[in-house]
Amino acid sequence: MDMLAGYQSEEDGEEDTEMSRALRVSGEGADINITFPSARGYLSQGSQDVRSTASRNAATCGKSSMHRVHARIKPCQALLDDEEPDSVSEVADKNQIDLHGESGEPSAKRICSPAAGDSNVSVPCEGAQMLTHSDTSHSIAHILDHPPLQIASLSSMSRSQRPACKPPRRKIHSFHGHTASVLKLSWCEPHGQLLASCGMDGRLCIWEPWTRRRCVKQLQPHQSQAVRCGQWYGSASSSVQFLSGGYDKYLRLTDVETGQCSVSMVHDAYVTAVTRHPTQRDIVLTGTSQRSITAWDMRSSKKVRDCVLAVGQVQSIQFLPDNERFVVACDTHRRSDADRSLGVWDFESGVRLVDQIYPEPYSCTSLLLDKSTKNLLAQSNSGHVALFQAASPYKLNKFKRFDAHQVSGFPMGMCLSPDGKFLYSPSSDGQLFCYSYASSKLVKSWRTEYQQQLQCAIVDVVHHPLLPSALATSSWHGEICLWM
């Protein structure tokens with residue numbers, strides 16, 4: 001018999017098959033069906049209503065010997081996968097639900113979807129902050145104009161009012177849309193509703209990771225050639241254009257909604273690095289595999305400045321806090337070039353000011369500026385992140401380095417949490433490392449299921465611009481993971 005057969009949802013006419021899950025608890029002589037709203041958001045409903053409802057219906061059943069079910073719903077701090085769970089423990093872990101009988105032992109027997117004809121009781125969640133939104137349109141413009149409620153609430157707060165950042169607990173979802181390495185990830189600014197991935201298979205994928213967790217657009221802006229680097233381009237209100245450089249020797253500005261290329265600039269070699277000027281937003285710097293750095297005006301598609309290096313491929317370009325100088329990280333092919341792999345350039349004159357600020361004989365794969373402390377971070381091929389002063393004389397901090405991970409020649413990235421407390425670095429052995437930025441000590445590390453396989457390196461990591469514990473990582477074999 002159904003103990004809760006007389007109860008129906010307050011909104012009987014609405015279909016809630018996609019946004020609900022059914023929990024069937026079999027006791028002695030009775031079946032209880034409780035439908036919980038989707039745990040993708042934050043459930044703030046207390047446990048008293050559920051406990052009192054279950055107790056009241058158990059009393060009407062007249063079975064004093066059956067188990068009483070207490071469902072205590074805790075705030076869910078992670079977005080959950082769309083797959084149906086296979087076990088009670090997995091549901092308890094994902095939905096933060098504890099199911100115990102009077103004896104303290106788990107009383108749930110099986111998990112299933114609601115059968116036809118079953119009576120369900122919907123647990124209300126008024127006042128809950130759901131990390132979902134009503135996506136009636138599949139267009140990218142609609143997704144950008146209607147951010148999830150949790151992201152929208154954080155965007156209205158000042159940086160000091162936002163919750164403190166914490167390391168994520170676990171990987172919650174994997175995206176599979178690439179057949180080759182994904183070397184660059186980029187969150188759509190300023191809210192992070194979309195995630196872009198640049199693949200060596202020639203694909204530029206735009207992901208919507210919060211509601212349907214799907215690829216909303218898949219483009220090939222570089223004629224099926226590898227997409228080596230890229231970032232979102234556009235105003236703060238509508239970031240619907242993406243700037244990418246690829247192995248077709250072009251820098252292209254693509255409308256991700258229509259797939260049309262509006263601006264393209266040809267180079268003499270593969271485009272391997274791209275960055276925008278911090279204040280002159282129409283100026284873009286590109287680096288190539290043939291030791292050249294070019295400044296472009298995106299309004300006229302013309303060169304503003306051209307510089308030629310004396311070493312190898314440009315790996316990363318980073319502007320310094322004064323916005324007049326920038327640092328270039330280059331790959332080296334000869335031992336005699338190791339002392340010129342990290343130099344400082346003047347933007348206006350195009351003159352190299354400092355040949356080398358890194359005294360160790362290693363090249364660097366990526367650069368990152370900490371604007372709060374005005375420090376420059378460099379991912380070194382020696383297997384650590386080096387810390388420099390972002391002003392002359394660009395002194396290396398020899399007493400502070402982040403060195404628990406491995407690089408092993410992979411083009412590793414790195415990122416800082418929005419509040420600057422944590423530094424995240426991928427590793428060539430398939431792990432993700434979290435360091436305390438203040439002390440450089442290792443806080444936490446995560447292992448992936450691909451760690452024992454060949455070519456399992458994680459190559460890039462990006463922190464969500466608003467959410468306090470949301471990360472995205474990309475791997476050498478093309479998998480993209482979301483961590484919460």
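How many bridges join strand S28 (residues 431-436) to strand S29 (residues 442-447)? Five bridges join these two strands, and they run antiparallel. The legends below take up this pair and several other places in the structure.

The views show a predicted model, in which local features need pLDDT of at least 70 and side-chain atom pairs count only at pLDDT 80 or more, while totals for chains, interfaces and linings use all residues. Residues are numbered from 1 along each chain as its sequence is written, and side-chain values use heavy atoms, with hydrogens and water left out.

**View 1. The protein as a whole has four helices and 32 strands.**
Helices (H or I, at least four residues) and strands (E, at least two) are DSSP runs, numbered from the N terminus. Of the 484 residues, 55% are buried; buried means under 20% relative accessible area, exposed means over 50%, and partly exposed lies in between (1.4 Å probe, protein chains only). The protein exposes about 21300 Å², and carbon and sulfur atoms supply 47% of that area. Accessible areas come from the Shrake-Rupley method with a 1.4 Å probe, and for residues only the protein chains shown count as cover. Among contacts between residues at least 6 apart in sequence, 53% join residues at least 24 apart; a contact means heavy atoms within 4.5 Å.

**View 2. Strands S28 and S29 form a hairpin.**
Two strands pair if DSSP finds at least two bridges between them. Leu-432 has Trp-446 in S29 as its bridge partner. Five residues lie between the strands of this hairpin, and Ser-440 takes a positive phi near 65 degrees.

**View 3. Strand S21 (residues 342-346) is mostly covered.**
Five of the five residues of S21 are buried. In a regular strand the side chains alternate between the two faces of the sheet. On one side of S21 are Leu-342, Val-344 and Asp-346, on the other Gly-343 and Trp-345, and all are buried. Strand S20 (residues 325-330) pairs with S21 in the antiparallel sense over five bridges, and Val-327 has Val-344 as its bridge partner in S21. S21 also pairs in the antiparallel sense with strand S22 (residues 352-354), over two bridges. Here Val-344 stands opposite Val-354 in S22. The hairpin of S21 and S22 has five residues between the strands, and in it Gly-350 takes a positive phi near 70 degrees.

**View 4. Three strands form an open sheet in the order S23-S24-S25.**
Strands of a sheet pair through backbone hydrogen bonds, either parallel or antiparallel. In this sheet the pairing is antiparallel. Strand S23 (364-370) and strand S25 (384-389) are the edge strands, each pairing on one side only. Neighbouring strands are turned by 25 degrees against each other on average, direction ignored. For such angles, axes are lines fitted to C-alpha atoms, for helices over the stretch in contact, and angles run from 0 to 180 degrees between N-to-C directions. Six bridges join S23 to strand S24 (residues 375-380), and Ser-366 has Gln-379 in S24 as its bridge partner.

**View 5. Ala-273 lies in strand S15 (residues 271-276).**
Ala-273 counts as buried because its relative accessibility is 5%. Leaving out residues up to four places away in sequence, Ala-273 touches Cys-229, Leu-285, Thr-286, Gly-287, Val-314, Gln-315, Ser-316 and Ile-317. The C-alpha atoms of Ala-273 and Ile-293 are separated by 9.1 Å, and the two residues are 20 residues apart along the chain.

**View 6. Gln-218 lies in strand S10 (residues 214-219).**
With a relative accessible area of 46%, Gln-218 is partly exposed. Apart from its neighbours within four places in sequence, Gln-218 is in contact with Gly-177, Arg-203, Leu-204 and Cys-205. Val-256 is 38 residues from Gln-218 in sequence and 8.6 Å from Gln-218 in space, C-alpha to C-alpha.

**View 7. The largest cavity holds about 70 Å³ of space.**
A cavity is a set of points, on a 1 Å grid over the protein atoms alone, where a 1.4 Å probe fits but cannot get out; lining residues have an atom within 4 Å of a point. Grid points are joined across faces, edges and corners, and a volume is the space filled by probe spheres set on the points. The count comes to three cavities of 30 Å³ or more. The largest cavity is lined by 10 residues, and Thr-448, Ile-458, Ser-475, Glu-479 and Cys-481 lie nearest its centre. Strand S31 (471-475) and strand S32 (479-483) are the elements that give two or more residues to this lining. S31 gives the most, with three residues.

Notes: 1 Å grid on protein atoms, 1.4 Å probe; cavity = no way out; pocket = protein on both sides within 12 Å on 5 of 7 lines; lining within 4 Å.
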